[in-house]
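Morning, everyone. Please put the model up on the screen, and keep the sequence beside it. I'll take the surface and the fold, then a few single residues.

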Amino acid sequence: DPARRFPTYPWSEWLNPGGVLSRIRSSRLEQLITAAAFAHGVFLACLPLGGLQFLIVLYTSRRLHHNVWAALTGLLSMLPPVGSALAWLSLQVGSVLLGQLPVPLEAPAVFGGEFWRAFSEFPFRWSAGSIVVGTITHWVVIGSLVWLFRRVPVHRGRETPCKRSRAADGD
């Protein structure tokens, strides 16, 4: 039987978007894991990786046992206007980290030497700044979501009679 040799249940459970809300309400640990997955997506959204971010989120979510939907939702922060602001902030932080002047908002003339010099330094500035900005946003998002999830009631599973009797005794 081919279904026994290649079970799809773990993959279908991992890719199920409906499980995010039920997991958030199941335990505090699942809330922390979901917050970490979302923050992981936000961190990757800050990095200048182009279209590879989607594949990296899928791979790392699977390897880290995160919920892929929470991570992909965090990755959506790379879309404008938030993504543009994060990229601009990363570029400015990278410029300061590399000991250069911040990049002005107006673009230099295309045919001048200033444009090509700025364009050649652009990836280094953005990469250096995106690691710092990504790390800060990662921890801010985790802290914010943990604070928010503390207000979500956790549904304890069905208790066994042994657990109920210990709870009644005050243990």
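Predicted model: local features only at pLDDT ≥ 70, side-chain atom pairs only at ≥ 80, totals over all residues.

How much of the protein is buried? Of its 171 residues, 29% count as buried.

Now the surface patch. Six residues form a nonpolar patch there: Leu-97, Leu-98, Phe-124, Val-132, Ile-136 and Val-140. Together they have about 570 Å² of accessible area. Which helix gives the most to this patch? Helix H8, residues 113-149, with four residues. Take Ile-136, which is found in helix H8. Ile-136 counts as exposed because its relative accessibility is 51%, and the cut-off for exposed is over 50%.

Next, the fold. The secondary structure is nine helices and zero strands. Read from the N terminus, the order is α-α-α-α-α-α-α-α-α. What about contacts along the chain? Take the contacts between residues at least 6 apart in sequence: 74% of them join residues at least 24 apart.

Let's look at one helix pair. Two packed helices are described by the angle between their axes and the distance between the axes. Our pair is H4, residues 28-46, and H6, residues 68-75. Their axes come within 6 Å. They cross at roughly 35°. The crossing of H4 past H6 is right-handed. Which residues meet there? From H4 we have Thr-34, Ala-37, Phe-38, Gly-41, Val-42, Leu-44 and Ala-45. From H6 the partners are Ala-70, Ala-71, Thr-73, Gly-74 and Leu-75.

Gln-53 sits in helix H5. Is Gln-53 buried or exposed? Its relative accessibility is 4%, so Gln-53 counts as buried. The cut-off for buried is under 20%.

On to His-65. Its place is the loop between helix H5, residues 52-64, and H6. His-65 has a relative accessible area of 66%, so it is exposed. Now check its backbone. Phi of His-65 is near 60°, a positive value in a residue other than glycine. Why point that out? Because most residues other than glycine have a negative phi, and most peptide bonds are trans.

The one from Pro-80 to Pro-81 is cis. Its omega is near 5°. Where is Pro-81? In the loop between H6 and helix H7, which covers 82-97.

Last stop: Ser-26. You will find Ser-26 in the loop between helix H3, residues 19-24, and H4. Its relative accessible area is 34%, so Ser-26 is partly exposed. Now compare sequence with space. Ser-26 and Pro-153 are 127 residues apart in sequence. How far apart are they in space? Their C-alpha atoms are 8.8 Å apart. What does Ser-26 touch? Not counting residues up to four places away in sequence, Ser-26 touches Val-154 and His-155.

A quick recap. We have nine helices and zero strands. There is a nonpolar patch on the surface, with Ile-136 among its residues. H4 and H6 cross at roughly 35°. And the bond from Pro-80 to Pro-81 is cis. Thanks, everyone.

Terms used. Residues numbered from 1 in each chain as written. Heavy atoms only, no water. Patch = residues over 30% accessible without salt bridge, like charges linked within 9 Å, V, L, I, M, F, W, Y side chains within 5 Å. Areas by Shrake-Rupley, 256 points an atom, 1.4 Å probe, with all protein chains shown as cover. Salt bridge = Lys/Arg side-chain N within 4 Å of Asp/Glu carboxyl O. Helix = DSSP H or I, 4+ residues; strand = E, 2+ residues; numbered from the N terminus. Buried < 20%, exposed > 50% of the residue type's maximum accessible area, 1.4 Å probe, protein only. Axes fitted to C-alpha atoms, helices over the stretch in contact; angles between N-to-C directions. Left-handed = near helix turned anticlockwise from the far one by under 90°. Contact = heavy atoms within 4.5 Å.
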